[in-house]
Amino acid sequence: MVVYKHMLNIAKGIGTATATGILGYAVWSREGTVLNASWTTNFEPSVRWEHNWDRRDPESLVKPLKSNSSEKETKNRENELEKQRPTATRHLLLIRHGQYNLDGKEDSERYLTKLGKKQADYCGKRLKEADIEYTKLISSTMTRAVETAAIIHKHLPQLTWEKEPNLCEGAPIPPEPPVGHWKPEQFDGPRIETAFRKLFHRAEVEQKKDSYEIVVCHANVIRYFVCRALQFPPEAWLRISLDHASITWVTIRPSGRVSIRRLGDSGFIPAKEVTAS
């Protein structure tokens, strides 16, 4: 119990919250045996990560061994698995369009406001200042996204620019909890899910360098993408809020693990010019 008391004395000196972290990190018993913390092997997660979420897990692409496989067959399978393993990391920088004219009835009338153009310009400058070797620019085909992408493209003119209609704004799926004041005429889940599956996957085996793709689209689409990519319940998408021209940075590792480096980052926009609706 000597170590336990020592840890407790340290914890008392730095506050209750930190104390919990220290005591939870490592506590020894009388015999000196380390007790596993909740995030180690003795913990059963409520939901497990689906490693084959993009259907590109090497284990799923190579024929499994038979129970009586020879050493040679085992080695051959290992070689085949190695050939299927990506080595590059993919980065997706999801950009919400700038503020737009909410009074417009048709898409062509929902163009960027003067402030929306400034927000897009701030975003373009921020992306350029990051000094990253971006791979390409992709945008939805809706007016406000195309205008935002065009302003960003002025800062990064070397990029090829693709337009993807499946990235257009829509209602992914009914949110949970339900929201009474928001009732879309239809849900666009299949289309938005198609866009997700096209964009979100680990790198191809042939890709040797890390890639950085800029994707300009819409709040509902980005929020749904984030939930799907992190394997959170997709019905939670409406619980997230994103500012105009904000950056959400998603990283997909060769192993298929996904992480968020930025979520709705708009810190590069002056505070008085930040908007969300």
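These legends describe close-up views of one predicted model. Local features need pLDDT of at least 70, side-chain atom pairs count only at pLDDT 80 or more, and totals for chains, interfaces and linings use all residues. Residues are numbered from 1 along each chain as its sequence is written, and side-chain values use heavy atoms, with hydrogens and water left out.

**View 1. The largest nonpolar core holds 28 residues.** Leu94, Leu167, Phe200 and Phe225 have the most contacts inside this core. A nonpolar core is a set of buried Ala, Val, Leu, Ile, Met, Phe, Trp, Tyr and Cys residues joined through side-chain atoms within 4.5 Å. Buried means under 20% relative accessible area, exposed over 50%, and partly exposed in between (1.4 Å probe, protein chains only). At least two core residues come from each of β1 (90-96), α7 (189-199), β4 (211-217), α8 (219-229) and β5 (247-252). Helix α8 gives the most, with 7 residues. Helices (H or I, at least four residues) and strands (E, at least two) are DSSP runs, numbered from the N terminus. Apart from this core lies another, of 19 residues, including Ile95, Leu159, Phe268 and Ile269.

**View 2. Phenylalanine 200 and its contacts.** Contact means heavy atoms within 4.5 Å. Not counting residues up to four places away in sequence, Phe200 touches Trp53, Asp54, Arg90, Leu92, Leu94, Phe225, Ala229, Val250 and Ile252.

**View 3. A salt bridge joins glutamate 273 and lysine 118.** A salt bridge is a side-chain nitrogen of Lys or Arg within 4 Å of a carboxyl oxygen of Asp or Glu. The closest N and O atoms of this pair are 2.5 Å apart. The pair links distant parts of the chain, 155 residues apart. Glutamate 273 sits in the segment after β6 (258-265), and lysine 118 in helix α5 (residues 114-129). Glutamate 273 is buried, at 14% relative accessibility. Lysine 118 is partly exposed, at 37%. The whole structure has 15 salt bridges.

View 4. Arginine 197 is exposed, with a relative accessible area of 59%. Glutamate 193 is buried, at 12%. Salt bridges that share partners join Glu193, Arg197 and Arg228 into one network.

**View 5. Arginine 191 pairs with aspartate 188.** The closest N and O atoms of this salt bridge are 3.8 Å apart. Arginine 191 is partly exposed, at 22% relative accessible area. Aspartate 188 is buried, at 14%.

**View 6. The largest pocket has a volume of about 700 Å³.** On a 1 Å grid over the protein atoms alone, where a 1.4 Å probe fits, a pocket is an open set of points with protein on both sides within 12 Å along at least five of seven lines; lining residues have an atom within 4 Å of a point. The volume is the space filled by probe spheres set on the points, which are joined across faces, edges and corners. Of the 27 lining residues, Tyr100, Arg110, Glu169, Trp182 and Asn220 lie nearest the centre. Helix α8 gives the most to the lining, with 3 residues.

**View 7. The second largest pocket holds about 280 Å³ of space.** Its lining includes Trp53, Asp54, Glu193, Arg197, Phe200 and Arg228. Helix α7 gives the most to this lining, with 3 residues.
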